[in-house]
Amino acid sequence: MERDPSLDALLNLHGQVYVIDDASGVWVGFVVRRVAATVDRPHGLDYSLTMHRRDGERLVGFDNAHPVRSSAGPGGRTGGRDHKHRLKTVRLYEYRDAASLLADFWDEVFSVCREMGKIGRAHV
């Protein structure tokens with residue numbers, strides 16, 4: 001497997017917390033660790049990129065902490081571990097590389113911020 005040149009940027013975010021909006025207390029946090037590549041984590045990463053309200057409620061999250069059902073209902077199959085949370089929904093996420101993960105995460109953060117009225121289009 002070829003080395004992902006954007007991986008160092010992602011790994012350097014581990015432990016970082018950034019306030020997105022002081023007034024409402026919206027913030028983002030990053031947990032990113034190298035792990036042995038496995039069937040569940042073929043990219044060799046354990047990650048959680050999240051956006052929260054001041055009270056801790058998660059608004060956006062991209063992680064691979066647990067398997068996700070690929071469809072609803074009793075016959076729903078359990079899919080992969082990479083997934084994204086957006087407000088109250090959870091969907092499978094196809095991890096491609098570190099740069100795409102970061103871009104997809106920030107796209108969701110800015111989208112939710114716009115919906116909340118926290119940023120205008122000019123800030124994106």
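Arg41 is buried, at 17% relative accessibility. The cut-off for buried is under 20%. Its side chain meets that of Asp46 in a salt bridge, 3.7 Å from N to O. Asp46 is partly exposed, with a relative accessible area of 22%. The model is predicted.

**Salt bridges**

The whole structure holds ten salt bridges. Three of them are listed here.

| Pair | N to O distance |
|---|---|
| Arg41 and Asp46 | 3.7 Å |
| Arg81 and Asp40 | 3.6 Å |
| Glu115 and Arg86 | 2.5 Å |

Arg81 is buried, at 15% relative accessible area. Asp40 is partly exposed, at 40%.

Glu115 bridges to Arg86. Glu115 belongs to helix H2 and Arg86 to strand E5, so the pair ties together parts 29 residues apart in sequence. Glu115 counts as exposed, at 52% relative accessibility. Lys84, Arg86, Glu108 and Glu115 are linked in a network of salt bridges.

**The hairpin of E5 and E6**

Strand E5 (residues 83-86) runs antiparallel to strand E6 (residues 89-92), and four bridges join them. Arg86 has Thr89 as its bridge partner in E6. Two residues lie between the strands, and Leu87 takes a positive phi near 55° in this hairpin.

**The core**

The largest nonpolar core has 23 residues. Tyr47, Leu49 and Met51 have the most contacts inside it. H1, E2, E3, E4 and H2 each supply at least two of its residues. H2 gives the largest share, seven residues.

**Leu59**

Where does Leu59 lie? Its place is in strand E4 (residues 58-63). Leu59 is buried, at 1% relative accessibility. Beyond its sequence neighbours, Leu59 contacts residues including Met51, Arg86, Leu87, Val112 and Met116. Leu59 and Val109 are 50 residues apart in sequence, yet 8.3 Å apart from C-alpha to C-alpha.

**Ser6**

Ser6 lies in the segment before helix H1 (7-11). Is Ser6 buried or exposed? Ser6 counts as buried, at 15% relative accessibility. Beyond its sequence neighbours, Ser6 touches Ala98 and Ala99. The side chain of Ser6 reaches the backbone nitrogen of Ala99 at 2.8 Å.

Definitions and conventions. Residues numbered from 1 in each chain as written. Predicted model: local features only at pLDDT ≥ 70, side-chain atom pairs only at ≥ 80, totals over all residues. Heavy atoms only, no water. Buried < 20%, exposed > 50% of the residue type's maximum accessible area, 1.4 Å probe, protein only. Polar contact = N/O pair within 3.5 Å; in protein donor to acceptor, adjacent residues only side chain to side chain. Contact = heavy atoms within 4.5 Å. Pairing = 2+ DSSP bridges. Core = buried A, V, L, I, M, F, W, Y, C linked by side-chain atoms within 4.5 Å. Salt bridge = Lys/Arg side-chain N within 4 Å of Asp/Glu carboxyl O. Lists of a residue's contacts leave out its neighbours within four places in sequence.
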